[in-house]
Amino acid sequence: MGWDIDIAWLTLLMFGSLGVLLALGLPMAFCTGSLAVVFLFLFGNSAVLNMTPARIFPFMTDYQLSAVPLFIFMAAMLEKAGIIEELFDAVYKWLGSVKGGLASATVLACTALAAMVGVVGATEVTMGMIALPAMLKRGYDQKLACGSLLAGGTLGILIPPSVMAIVYAVVAQQSLGELLVGAIFPGFLLSGMYIGYITVRCYINPSLGPALPKEERVDFSEKLRLLRNTIAPLLLIVLVLGVIFFGIATPVEAAGIGTFGALFVSALHRRLNWLAVEEAAIATLKATAMVMWIFFGATMFVGFFILKGGQQFVAESILGTGLPPYGILTLMMLILFVLGMFLDWVGILLLTVPIFLPILKGLNWDGVLGLPGLPQTDVPLWYGVIFMVNMQMAFLSPPFGYSLFYLKSVAPPEISMATIFRASVNFMVLQAIGVALCIVFPQIILWLPSLVYAR
């Protein structure tokens, strides 16, 4: 029989212990899992112990989660096929005569890659190796060059196929198809905001991002030839998103189609060999295992906390602030942003969504500034996309934003960590504006799913 403890002290003990272990540099999966076992032993009982298999087994058998390794393998194969280099080369030659064209091309290439791979690390590192030296060589401002890469790389979180969307859909019991379709407009909105910001700044101050010299520009026939190399990967994007959009296949079946398509595109580019397949398979195995172990550990940790009354305690604490619904949502966004400075997105999602989402579903969303609100049935879909946009900020927020270190790992020596930190700030402001727009105008998220799924 476990000891009795007040829920306030249990909250402090559980999350304080988690913070200490993470500060010591231990992996998230093992921190949450081991703490869950310790607290189950100290404060649980035999009935609570039954919770462990009851919470883990449904995840092990969840059909939608099979899309995770498929999309990760698709990303890895496209990376090995050299698609990223060819895509960037085509876009920047087309935009070369525009001021800030290389930075805009970087964001556009990242947007296209996000729709192909859905994994931030692969896009950030590969684009950093290709685009950053090209921009610095042509006299681009270091902060603008790094910022465009940081912001563009994080679009993989949001634009389908997104691994984060798959995990959220499973945890929130939300339709994955609706979530993927709902994320399309916000993803392209953010991409457009980045490109607009870069273009305006470079036309105000051309020294930040000069146009390509005339001798480096190519004629129209060469531009068309470069486009030819991008037809196959772009068709793959259209195919994968199209079969989801038109309801021909489920997201998991679309992931299977995408995986086969990635192998086919690799073969077209003469890059399909056993070494490439082996490397892609090992990368997939590592990434999927990491996600699943965090799943198991965090599910036990949060499950025990909820069973001991933690969800009610957090709900009463948040609602006790007396804030209106949109104020509560803003407070949650701030909590997510702070957590994003220190934790991986998988951990944040699994720790917060089971606690925050029921609170939000119990509130009335009547709109702000006289604008239309949304029904409670749409809250899981709406919050899911807002959560993903917020996590983009988490990837860029110092001191431990993952994208900052991805970029530093491939940046030339003259690019300091401080420069990368400063480069992220303006683009984080744009992302905050994106979150605010999605909150104030929920139809940005909800309109397309309502059209596709006749909701």
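Student: Is Phe421 buried, partly exposed or exposed?

Tutor: Phe421 counts as partly exposed because its relative accessible area is 25%. The scale calls a residue buried under 20%, exposed over 50% and partly exposed in between, using a 1.4 Å probe and protein chains only. Keep in mind that this is a predicted model, where local features need pLDDT of at least 70, side-chain atom pairs count only at pLDDT 80 or more, and totals for chains, interfaces and linings use all residues. Residues are numbered from 1 along each chain as its sequence is written, and side-chain values use heavy atoms, with hydrogens and water left out.

Student: Where does Phe421 sit, and what does Phe421 touch?

Tutor: Phe421 is in helix H22. Helices here are DSSP runs of H or I with at least four residues, numbered from the N terminus. Leaving aside residues up to four places away in sequence, Phe421 touches Pro398, Pro399 and Leu404; contact means heavy atoms within 4.5 Å.

Student: OK, rings now. How many aromatic pairs are there?

Tutor: The count comes to 11 aromatic pairs. Rings of Phe, Tyr and Trp (its six-membered ring) pair if their centres lie within 6.5 Å; planes under 30 degrees apart are stacked, over 60 edge-to-face, and the rest tilted. Phe39 and Phe43 are stacked, because their ring centres are 5.9 Å apart and their planes are at 20 degrees.

Student: Where are Phe39 and Phe43 in the fold?

Tutor: Both lie in helix H2 (residues 28–43), 4 residues apart, which is about one turn of the helix. Phe39 is buried at 4% relative accessible area, and Phe43 is buried too, at 8%.

Student: What about Tyr197 and Phe427, what geometry does that pair have?

Tutor: Edge-to-face, with 5.3 Å centre to centre and 80 degrees between the planes. The pair links distant parts of the chain, 230 residues apart: Tyr197 is in helix H12 (residues 184–204) and Phe427 in helix H22 (residues 417–440). Both Tyr197 and Phe427 are buried.

Student: Which residues cluster with Phe15?

Tutor: Phe301 and Phe305; with Phe15 they form one aromatic cluster.

Student: Switching to helix packing. What angle do H20 and H23 make?

Tutor: About 125 degrees, with the axes of H20 (residues 379–396) and H23 (residues 443–452) 9 Å apart. The axes are lines fitted to C-alpha atoms over the stretch in contact, and angles run from 0 to 180 degrees between N-to-C directions. That angle makes H20 oblique to H23: under 35 degrees is roughly parallel, over 145 roughly antiparallel, 65 to 115 roughly perpendicular, and the rest oblique.

Student: Which residues make that contact?

Tutor: Leu381, Trp382, Val385 and Ile386 from H20, and Ile445, Leu446 and Pro449 from H23. By class, the contact of H20 with H23 has 7 nonpolar, no polar and no charged residues. Nonpolar covers Ala, Val, Leu, Ile, Met, Phe, Trp, Tyr, Cys and Pro; charged covers Asp, Glu, Lys and Arg; the others, Gly among them, are polar.

Student: And how do H5 and H16 cross?

Tutor: At roughly 140 degrees, with the axes of H5 (residues 67–80) and H16 (residues 274–307) coming within 9 Å. That makes H5 oblique to H16. The contact includes Phe73 and Lys80 of H5 and Glu279 of H16, and its residues divide into 10 nonpolar, 2 polar and 2 charged.

Definitions and conventions
Helices (H or I, at least four residues) and strands (E, at least two) are DSSP runs, numbered from the N terminus.
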